[in-house]
Amino acid sequence: MKLVFVSNMLNHHQVLLCNEYNHLFDSFLFVACGRKDAIGYVRAQVAEYVSYYSLPEEKARAEREIVEADVVIFGACPKKLIALRMQTDRLSFLYSERFFKKGTWRRFLPGTRKKVFDRIVRYKSKNIYILCASAYLSHDLKLLGFPVTKCYKWGYFPEVKKQDIQELFQHKKNNKKTSISWAGRLIGLKHPEYAVYAAERLRQGDYEFELTIIGEGIMESRLKQMVRDKGLGAFVHFTGSLTPKEVRDHMEASDIFLFTSDRHEGWGAVLNESMNSGCAVVASHSAGAVPFLIKDGENGLIYASGNLDEFVQKVILLMENNTLRERLGRNACESLSRHWNAQAAARRLRNLINILSVRGDVSGIYREGPCSLAEDLDDRWYR
């Protein structure tokens with residue numbers, strides 16, 4: 001069976017998954033539609049299975065492969081390539097984050113509506129399905145008439161480390177104070193200021209803790225000023241930009257991880273990484289990954305996005321309950337190891353493809369995790 005994956009570039013969120021495709025399928029080709037020298041992704045794109053659509057000598061071959069392959073997955077790519085494939089009505093998938101990050105009201109904007117219609121909705125009766133890299137994508141598509149029954153849970157699959165659970169949690173118990181971490185770009189949609197507000201409340205309650213904020217961005221100077229103004233210099237530490245390994249080292253030493261992104265966060269791979277690191281996570285309900293990865297009270301805690309009081313209350317709950325904190329962290333690590341990793345996802349997709357290829361019943365193939373049906377979930381599901 002030949003699989004083709006078409007996207008703008010082979011980035012660090014996709015390379016592990018693509019390596020698995022290369023092992024599982026008889027033939028695998030990644031068609032990169034972006035420039036071959038794209039900044040930041042050159043190293044990831046050096047793979048034997050990559051073809052560059054931007055190169056004239058490879059363009060014709062790529063289009064031929066897109067038409068003739070048994071299965072094609074479309075990520076970010078020119079819509080004309082989807083249209084080319086749909087002329088054959090052969091099995092295909094669209095791999096996407098949500099369309100209406102700025103609000104579902106945008107479906108009434110003629111330009112936005114046409115863009116989504118031309119990319120996918122017009123093919124709703126064709127042999128194409130959705131791999132949802134956001135829990136909210138199926139609802140966005142439903143609002144435009146695309147059937148939710150053709151939408152499957154998916155996401156991004158960064159490295160999942162094989163953890164020695166006992167050793168990992170013994171490492172965390174060596175902390176003299178409760179260790180809290182936040183990681184990401186210091187920009188508005190990720191709301192790093194929530195971490196500082198939580199630190200202020202914890203200090204007022206005389207809790208023993210240290211908060212590490214990892215990353216850099218346009219909010220950095222503002223956040224540092226907040227820390228100075230609130231007298232939190234002894235409690236809050238900024239690391240700046242770190243290597244992926246250094247970020248994971250911080251997570252594995254942390255007891256609690258704060259994931260505070262709003263609805264503009266398409267997925268949020270730091271959630272995968274912090275859960276795999278055994279952190280007890282407090283997560284905003286509106287980030288794309290949260291409803292797929294977290295079961296509230298089982299492997300993490302969810303708060304209503306924008307509700308600062310609820311957010312702080314859940315951080316305090318974890319500060320005061322070591323048993324709950326460890327249980328959530330252990331369950332988080334287990335759930336990533338079982339379902340939300342590149343190896344499991346690729347195997348599941350291969351099974352799904354096998355059934356869809358003969359138009360079989362896929363309704364009960366998986367009950368949870370990648371390739372299970374994505375329910376119709378709107379932004380108000382958690383209140």
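**Figure 1. Cys371 in the segment after α14.** Cys371 lies in the segment that follows helix α14; helices (H or I, at least four residues) and strands (E, at least two) are DSSP runs, numbered from the N terminus. The model is predicted: local features need pLDDT of at least 70 and side-chain atom pairs count only at pLDDT 80 or more, while totals for chains, interfaces and linings use all residues. Residues are numbered from 1 along each chain as its sequence is written, and side-chain values use heavy atoms, with hydrogens and water left out. Cys371 is not a glycine, yet its phi is positive, near 75°. Its relative accessibility is 1%, so Cys371 counts as buried (buried means under 20% relative accessible area, exposed over 50%, partly exposed in between, with a 1.4 Å probe and protein chains only).

**Figure 2. Asp206 in the loop between α7 and β9****.** Asp206 is a residue other than glycine with a positive phi, about 60°. Asp206 counts as exposed because its relative accessibility is 67%.

Figure 3. Six of the six residues of β8 are buried, so the strand is largely enclosed by the rest of the structure. Thr178, Ile180 and Trp182 point one way, Ser179, Ser181 and Ala183 the other. In a regular strand the side chains alternate between the two faces of the sheet. Strand β8 (residues 178-183) runs parallel to β9 (residues 209-214), joined to it by six bridges; two strands pair if DSSP finds at least two bridges between them. Thr178 has Phe209 of β9 as its bridge partner. From β8 the chain passes through helix α7 (residues 193-204) to β9 in a right-handed β-α-β crossover, meaning that, with the strands pointing away from the viewer, the path from the first strand over the helix to the second runs clockwise.

**Figure 4. Strand β11 between buried faces.** Ile256 and Leu258 on one side of β11 (residues 256-259), and Phe257 and Phe259 on the other, are all buried. Two bridges link β11 to β8 in parallel. Ser181 has Phe257 as its bridge partner, and Ile180 stands opposite Ile256. Four bridges join β11 to β12 (residues 280-284), also parallel, with Phe259 opposite Ala283.

**Figure 5. The seven-stranded open sheet****.** Its strand order is β3-β2-β1-β4-β5-β6-β7, with parallel pairing. The edge strands β3 (50-52) and β7 (151-153) each pair on one side only. From one strand to the next the twist averages 25°; axes are lines fitted to C-alpha atoms, for helices over the stretch in contact, and angles run from 0 to 180 degrees between N-to-C directions. Five bridges pair β5 (residues 92-96) with β6 (residues 128-132), and Leu94 stands opposite Ile130. Helix α1 (residues 15-24) packs on the sheet, touching β1 (2-7), β2 (27-32) and β4 (71-74), at about 145° to β2; contact means heavy atoms within 4.5 Å. Helix α3 (residues 79-86) lies across β1, β4, β5 and β6, at about 155° to β4.

**Figure 6. Two nonpolar cores.** A nonpolar core is a set of buried Ala, Val, Leu, Ile, Met, Phe, Trp, Tyr and Cys residues joined through side-chain atoms within 4.5 Å. The largest has 93 residues, of which Val6, Tyr21, Phe93, Trp154 and Leu349 touch the most other members. Helix α14 (residues 342-357) supplies the largest share of this core, seven residues. A second, separate core of 32 residues includes Trp182, Tyr194, Ala198 and Leu258.
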